[in-house]
Amino acid sequence: MRRLTPAFYLLAVLLAGAASRAQTSHWPAQDGNYVIKNFHFGSGESIPELKLHYLTLGKPHRDTAGHTDNVILLLHGTGGDAHSLLNPVFSDVLFGPGQPFDITKFYIILPDDIGHGESSKPSDGLRMKFPQYDYDDMVASQHTMLVEGLHVDHLRLILGTSMGCMQSFVWGETYPTFSDALAPFACLPVELAGRNRAWRYMAMQVIRDDPAWKNGDYTTEPVEGLRGANDLILLAGSAPLLMQKRFPTRASAEDYVNRTLDSMIAHTDANDFLYYVNASRNYNPGPKLGTITTPVLWINSADDFINPPELGIAQKLVTRMPHAKFILIPISEETHGHGTHTQAAIWKDYLIAFLAETEKK
């Protein structure tokens, strides 16, 4: 059985219905790797070889001009990997015959981002000497992997969840004509400030403050730091109605916390955690949102602690993009807080309509 998604287990997977490799093996995904030689990061650092791992489903198709026209790029959340969106509550709703991402019609690409999964990351050996990557680096490397590695020169759709949502906005600004449409789910296109940056900073600091971390040169994981960091993540990824329903007593709630934290800590590398949480530090597409002319379907959930609707940010910023639509999913017993982005049955109808609207005639 595949290990559960690391530190952002609750944000992207647990509350959306955790999936093991055994549960997702019915999808005939093909593994691949692409190595980018001498990759230069925005920080000015470089690495001789940057390995990017990915999964694919289906086969690419080219139009009469020779351009790929059926490729869908699916981008996972912080701490996730290519397998995250093979979660049955996502893939079983979207990938089958006649479904929106029918793999007999579409070519689906699911990458492991820099610092995640089987792609290059600090825990491979460089530890805190690994280049300080950010979302711009992730998107640039994805573009190189697609064009040079998979020979994909155009996308039908980019759908990103959480961190992938934020990357979708970066894609729209950096490569404005590369995709026919963007579907960012569970994020805001602004600098991470206020409570959102505060809890992330707290999670990183509690690791750095653990003497066992040793500036990243630990021989055993700094458990106390990881526990404190994952305490915060547990809360950030939670959904009040769902939690109350599933854990209605003190004993059940405490047992849930203990079991979940034990699993999260066992499968989290502290240095990897610090890097992928801090990768959002430079993110701020707000000033250039008006340059995104690609159609956008932007969906958030009203019970998302990380992107609280009471800020009113989405309703204001969506008007800056000429072809964007924002949907706020109301709170219900079906929503999963931040993890609603993986619960495809909740927003599937919006996606179907969006694909129809953006289909080239």
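How many bridges join strand 7 to strand 8 (residues 324–329)? Six, and the two strands run parallel. Keep in mind while reading these notes that the model is predicted.

1. **Strand 7 and its neighbours.** Let's stay with strand 7 (296–301) for a moment. Six of its six residues are buried, so the strand is largely enclosed by the rest of the structure. Val296, Trp298 and Asn300 point one way, while Leu297, Ile299 and Ser301 point the other way, and all are buried. On the strand 8 side, Trp298 has Phe326 as its bridge partner. Strand 7 also pairs with strand 6, again in the parallel sense, over two bridges. There, Phe185 has Ile299 of strand 7 as its bridge partner.

2. **Strand 3, another covered strand.** Strand 3 (residues 71–75) is mostly covered, with five of its five residues buried. Val71, Leu73 and Leu75 point one way from the strand, and Ile72 and Leu74 the other way. Strand 3 runs parallel to strand 4 (residues 107–111), and three bridges join the two. If you want a pair to click on, take Leu73, whose bridge partner in strand 4 is Ile109.

3. **Helix 12.** This helix covers residues 344–357, and its length checks out: at 1.5 Å a residue, the 14 residues should span 20 Å, and the end C-alpha atoms are 19 Å apart, which agrees. Helix 12 does bend, by about 30° at Tyr350. Its buried residues are Ala344, Trp347, Lys348, Leu351, Phe354 and Leu355. Do notice that a lysine, Lys348, is on that buried list. What do the buried residues of helix 12 pack against? Their partners are helix 3 (88–94), strand 5 (157–161), strand 6 and strand 7.

4. **The disulfide.** A search of the whole structure turns up one disulfide. The cysteines are Cys165 and Cys187, with their sulfur atoms 2.0 Å apart. Cys165 sits in helix 5 (residues 163–174), and Cys187 in the loop between strand 6 (182–185) and helix 6 (194–208), so the pair links distant parts of the chain, 22 residues apart. The link is left-handed, with -65° about the S-S bond. Are the two cysteines buried or exposed? Both Cys165 and Cys187 are buried.

5. **Asp180.** Asp180 is found in the loop between helix 5 and strand 6. Asp180 counts as buried because its relative accessibility is 14%, and the cut-off for buried is under 20%. Which side chains make polar contacts with the side chain of Asp180? One is His154, at 2.6 Å, and another is Lys360, at 3.4 Å. Leaving out residues up to four places away in sequence, Asp180 touches His154, Leu155, Arg156, Thr294, Pro295 and Lys360. Asp180 and Ile158 are 22 residues apart in sequence, and their C-alpha atoms are 8.4 Å apart in space.

6. **Two asparagines with positive phi.** Asn38 has a positive phi of about 50°, and its place is in strand 1 (residues 30–40). Asn38 is partly exposed, with a relative accessible area of 44%. For Asn215, phi is near 60°, also a positive value. The place of Asn215 is in the loop between helix 6 and helix 7 (223–236). At 59% relative accessibility, Asn215 counts as exposed, since the cut-off for exposed is over 50%.

7. **Thr268 and Gly80.** Thr268 lies in the loop between helix 9 (250–266) and helix 10 (270–278). A polar atom of the Thr268 side chain lies 2.5 Å from the backbone oxygen of Met264. Gly80 and Thr293 are 213 residues apart in sequence and 29 Å apart in space, C-alpha to C-alpha.

Notes. Residues are numbered from 1 along each chain as its sequence is written. This is a predicted model: local features need pLDDT of at least 70, side-chain atom pairs count only at pLDDT 80 or more; totals for chains, interfaces and linings use all residues. Side-chain values use heavy atoms; hydrogens and water are left out. A disulfide is a pair of cysteine sulfur atoms within 2.5 Å. Helices (H or I, at least four residues) and strands (E, at least two) are DSSP runs, numbered from the N terminus. Buried means under 20% relative accessible area, exposed over 50%, partly exposed in between (1.4 Å probe, protein chains only). The expected span of a helix is 1.5 Å times one less than its number of residues. The bend at a residue is the angle between axes fitted to the seven residues ending there and the seven starting there. Contact means heavy atoms within 4.5 Å. A polar contact is a pair of N or O atoms within 3.5 Å; within protein, one must be able to donate a hydrogen and the other to accept it, and residues adjacent in sequence count only if both atoms are side-chain atoms. Two strands pair if DSSP finds at least two bridges between them.
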